[in-house]
Amino acid sequence: MTSSALGRDFRLLWSAAVSSRFGDALRTPALALLAATVTRDPRVIAAVTVAAQLPPLLFGLLGGVYADRWDRRRTMAVVDGVRAAVVAALAVVVALNRLSVLVLLVVAFLLAALGTLFDSASFALLPSLVPPDALPRANGRLQAGSAVAGGFLGAPAAGVLFAVAPALPFALDAVTFAAAALLVLALGPPPVLGPGTARRRGSVWSEIVEGLRWLRAHRTLWRVTVLTAASNLAISGIMAVLVLYALDVLRVPPAGYGLFAAAAIVGGVAGALGAARLAAWLGTVPALRAVLAVETVALTGFALARHPVPGGIALAVFAAGTVVWNSLWASYGQRQVPSELLGRVGAAQRMVGLLTAPLGAALAGLAAASYGTAPVAAAAAGTFALVTLAAWWSTVEHVREGGAERHHEPHSSTVI
């Protein structure tokens, strides 16, 4: 999955990302199983999920500030080291049978909060490791490796390991975090800043505002970010009821649901590996528009399907499009944003893109409870059709790639 042409540092970063993703895939289902052993109250179990979803919204922009202030390699290594310690402590608590709901809530919240800083630093670090033209391929390789490690290896192993010993998935997760930290520490030193590139630090709030202003002032990047938020409304909704839709509408046998869900992983890997070729063929912004059109067709087919096979194929195509979008969206931002702003602008992109996800899941749950899951899929397809129309209309005037909209930076007293 990695390519020698992308260089040693990228291979180290890729290995760290895959190791960490494998651990995440072990921990996430194990955490849900662990919560179910403590209580059967769905409100408490849901609270653990919410505890992991809040930090990106609460601290995402703050993480972007410190990803720009601190050395990004050391930041990622320290964060993974702390996460290794947190998960190792959880494994000890589980092994000693001292678990409580409060411990679960604190661990879920703390790991997600640390993840916001790690994600911002990782997003901002990648452009310093590979050439600009290689960013779509690098992001695609990262997503493909993460999908394989998480979907094909980690997730299936989580339940087996938990059955052997509830503490085991968390102990292995701690090892993967520690391994990722060591791999990041092995990266080469950051480039030396040239004359005139030093920056004065303002207040945290002023630096957050600077990142938001930069994103809002860049027409194409802002439009793509808003389109991402709109599409996440539909994606979150369909994912919230996917298992019920598969069982009730597509008639997927319960024993075959794992195979059905694997279609999305296969599609995601294919999309990740093909993202760079699509961008090279069409250009990044035209490729993003084309991907939305393909996703709309795939989601429409999914909403119309009444059998597991066509439904699974449509889901795979839709997942491939989603991963291509994520890879190219990230690459476009990494090429457009100045290095000293990458952490903050990247964090702003993610926060705006994620704002609609809880709303989409909530609306889907309410609609499914009242009308069934079939209308949810139809509404998601309709939403994507509107997003696609908006994309073709709003990005038709984008400037050619390569110098794509070289941004006129808003005035700020924190940059020299």
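The legends below describe close-up views of a predicted model.

**View 1**
Helix α13 runs over residues 342–354. Eleven of the 13 residues are buried, so the helix is largely enclosed by the rest of the structure. The buried residues are L342, G343, R344, V345, G346, A347, A348, Q349, M351, V352 and G353.

The side chain of R344 forms a salt bridge with that of E207, at 3.8 Å from N to O. E207 lies in helix α7 (residues 204–217) and R344 in helix α13, so this pair ties together parts that are 137 residues apart in sequence. E207 is buried, with a relative accessible area of 0%, and R344 is buried at 2%. R344 also meets the side chain of E210 in a salt bridge, here at 2.7 Å from N to O. E210 is again in helix α7, so the pair of R344 and E210 ties together parts that are 134 residues apart in sequence. Like R344, E210 is buried.

**View 1. The salt-bridge network around R344.**
Salt bridges with shared partners join D68, R69, R72, E207, E210 and R344 into one network. Within this group, D68 and R72 form a salt bridge in which the closest N and O atoms are 2.8 Å apart. Both of these residues are buried. The structure holds ten salt bridges.

**View 2. The largest nonpolar core.**
This core has 36 residues, and L250, F260, L299, F302, W325, L328 and F384 touch the most other members. At least two residues of the core come from each of the helices α8 (219–240), α9 (242–248), α10 (257–282), α11 (284–304), α12 (308–336) and α15 (374–394). The largest share, eight residues, is supplied by α11.

**View 3. Contacts of L250.**
L250 is among the residues that touch the most other members of the largest nonpolar core. With its neighbours within four places in sequence left aside, L250 is in contact with Y245, F260, F302, A305, R306, H307, P308 and G311. Of these partners, F260 and F302 are also listed with L250 among the core residues that touch the most other members.

**View 4. A nonpolar patch on the surface.**
V294, V309, I313 and V317 form this patch, and together they have about 330 Å² of accessible area. Helix α12 gives the most to the patch, with three residues. Residues three or four places apart in an α-helix point the same way, because the helix has 3.6 residues a turn.

**View 5. L102 in helix α4.**
L102 is found in helix α4, which covers residues 101–125. Its relative accessibility is 59%, so L102 counts as exposed, the cut-off being over 50%. L102 and V48 are 54 residues apart in sequence, and their C-alpha atoms are 9.3 Å apart in space.

Methods:
Residues numbered from 1 in each chain as written. Predicted model: local features only at pLDDT ≥ 70, side-chain atom pairs only at ≥ 80, totals over all residues. Heavy atoms only, no water. Helix = DSSP H or I, 4+ residues; strand = E, 2+ residues; numbered from the N terminus. Expected span 1.5 Å × (residues − 1). Buried < 20%, exposed > 50% of the residue type's maximum accessible area, 1.4 Å probe, protein only. Core = buried A, V, L, I, M, F, W, Y, C linked by side-chain atoms within 4.5 Å. Contact = heavy atoms within 4.5 Å. Patch = residues over 30% accessible without salt bridge, like charges linked within 9 Å, V, L, I, M, F, W, Y side chains within 5 Å. Areas by Shrake-Rupley, 256 points an atom, 1.4 Å probe, with all protein chains shown as cover. Salt bridge = Lys/Arg side-chain N within 4 Å of Asp/Glu carboxyl O.
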